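Subject: Structure handed over, with findings

Dear colleague,

Please find the structure below, together with its sequence.

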Amino acid sequence: MTVTADFNDIAIIIAVVAFLVLVIALVPMIFQIKKTVKAVEDLTVESRKTVEGVNSLVNKLNSQAGDLDELVKRVKEVGLKMTAVAELVVDNIRSPVITVLSLLLGARRALKRLLRHRSNKGGDDDGNR
């Protein structure tokens, strides 16, 4: 039994062996690709959940920001009204206070002068003692 093979037979045998080696080498890579695709699918599901949570949080923050904006407007309005009320109060009190103080100071000065005049009996009339 002799085996005779020509160049074509040897080339076919080499090609078949190379194909078998390639298939054997590709099997672990195919399993790894399958695991990677599964991990990407899991990551996509988790990413969707996270995006939904973030969107819900952003919507809540937007609604609260609108409420906060309204609150700031109201505080500003109250501040402006308080300023106007304070100015009105100052304007209404200033005139009577100044009048009362002037009267009190004038009465004090007059009483001092009168008392000095009586105690001195004909003393200095300018009241500068």
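**Salt bridges along the helix**

Lys38 and Asp42 are joined in a salt bridge, with 3.4 Å between the closest N and O atoms. Please note that the model is a predicted one. Both Lys38 and Asp42 belong to helix H1, where four residues, about one turn of the helix, separate them. Lys38 has a relative accessibility of 47% and therefore counts as partly exposed. Asp42 has 39% and so counts as partly exposed too.

Side chains of opposite charge can pair when their charged atoms come close. The structure holds four salt bridges, and two further ones are described here.

Lys49 is paired with Glu46, and the closest N and O atoms of this salt bridge are 3.8 Å apart. Lys49 and Glu46 both lie in helix H1, with a spacing of three residues, about one turn of the helix. The relative accessible area of Glu46 is 45%, so Glu46 is partly exposed.

Lys73 and Asp69 also meet through their side chains in a salt bridge, at 3.9 Å from N to O. Helix H1 contains both Lys73 and Asp69, four residues apart, which is about one turn of the helix. Lys73 counts as partly exposed because its relative accessibility is 44%. Asp69 is partly exposed as well, since its relative accessible area is 40%.

**Overall form of the chain**

How many helices and strands are there in the chain? The chain has one helix and zero strands. Helix H1 covers residues 7–120.

The radius of gyration of the chain is 52 Å, whereas a compact globule of 129 residues would have a value near 14 Å. Taken along the principal axes, the box filled by the C-alpha atoms is roughly 170 × 35 × 20 Å.

Two pairs of positions illustrate how sequence separation relates to distance in this model. Ile24 and Arg74 are 50 residues apart in sequence, and their C-alpha atoms are 76 Å apart in space. For Ser119 and Arg109 the separation is 10 residues in sequence and 15 Å in space, again from C-alpha to C-alpha. Ile24 is located in helix H1, and Ser119 is placed in helix H1 as well.

**Exposure and surface**

What share of the 129 residues of the chain counts as buried? The value is 1%. The chain exposes about 11900 Å², of which carbon and sulfur atoms supply 68%.

Ile24 counts as exposed because its relative accessibility is 62%, and the cut-off for exposed is over 50%. Ser119, with a relative accessibility of 56%, therefore counts as exposed. Phe31 has a relative accessibility of 52%, so Phe31 also counts as exposed.

Phe31, which lies in helix H1, is part of a nonpolar patch on the surface. The patch is made up of Phe19, Leu22, Val23, Leu26, Val27, Met29, Ile30, Phe31, Ile33 and Val37. Together these residues have about 900 Å² of accessible area.

Which residues form a positive surface patch? The patch consists of Arg108, Arg109, Lys112 and Arg113. Arg108 has its place in helix H1.

Over the chain there are 19 positive and 15 negative side chains. The centres of these two sets are 21 Å apart.

**In brief**

The predicted model shows a chain with one helix and zero strands, and a radius of gyration of 52 Å. Four salt bridges are present, among them those of Lys38 with Asp42, Lys49 with Glu46 and Lys73 with Asp69. The surface features include a nonpolar patch that contains Phe31 and a positive patch that contains Arg108.

Yours sincerely

Definitions and conventions: Residues are numbered from 1 along each chain as its sequence is written. This is a predicted model: local features need pLDDT of at least 70, side-chain atom pairs count only at pLDDT 80 or more; totals for chains, interfaces and linings use all residues. Side-chain values use heavy atoms; hydrogens and water are left out. Patches are made of residues with over 30% relative accessible area and no salt bridge: like charges are joined within 9 Å, nonpolar side chains (Val, Leu, Ile, Met, Phe, Trp, Tyr) within 5 Å. Accessible areas come from the Shrake-Rupley method with a 1.4 Å probe; for residues, only the protein chains shown count as cover. Lys and Arg count as positive and Asp and Glu as negative; His and the chain ends are not counted. The place of a charge is taken as NZ of Lys, CZ of Arg, CG of Asp or CD of Glu. Helices (H or I, at least four residues) and strands (E, at least two) are DSSP runs, numbered from the N terminus. Buried means under 20% relative accessible area, exposed over 50%, partly exposed in between (1.4 Å probe, protein chains only). The radius of gyration is taken over C-alpha atoms; the globule rule is 2.2 Å times the number of residues to the power 0.38.
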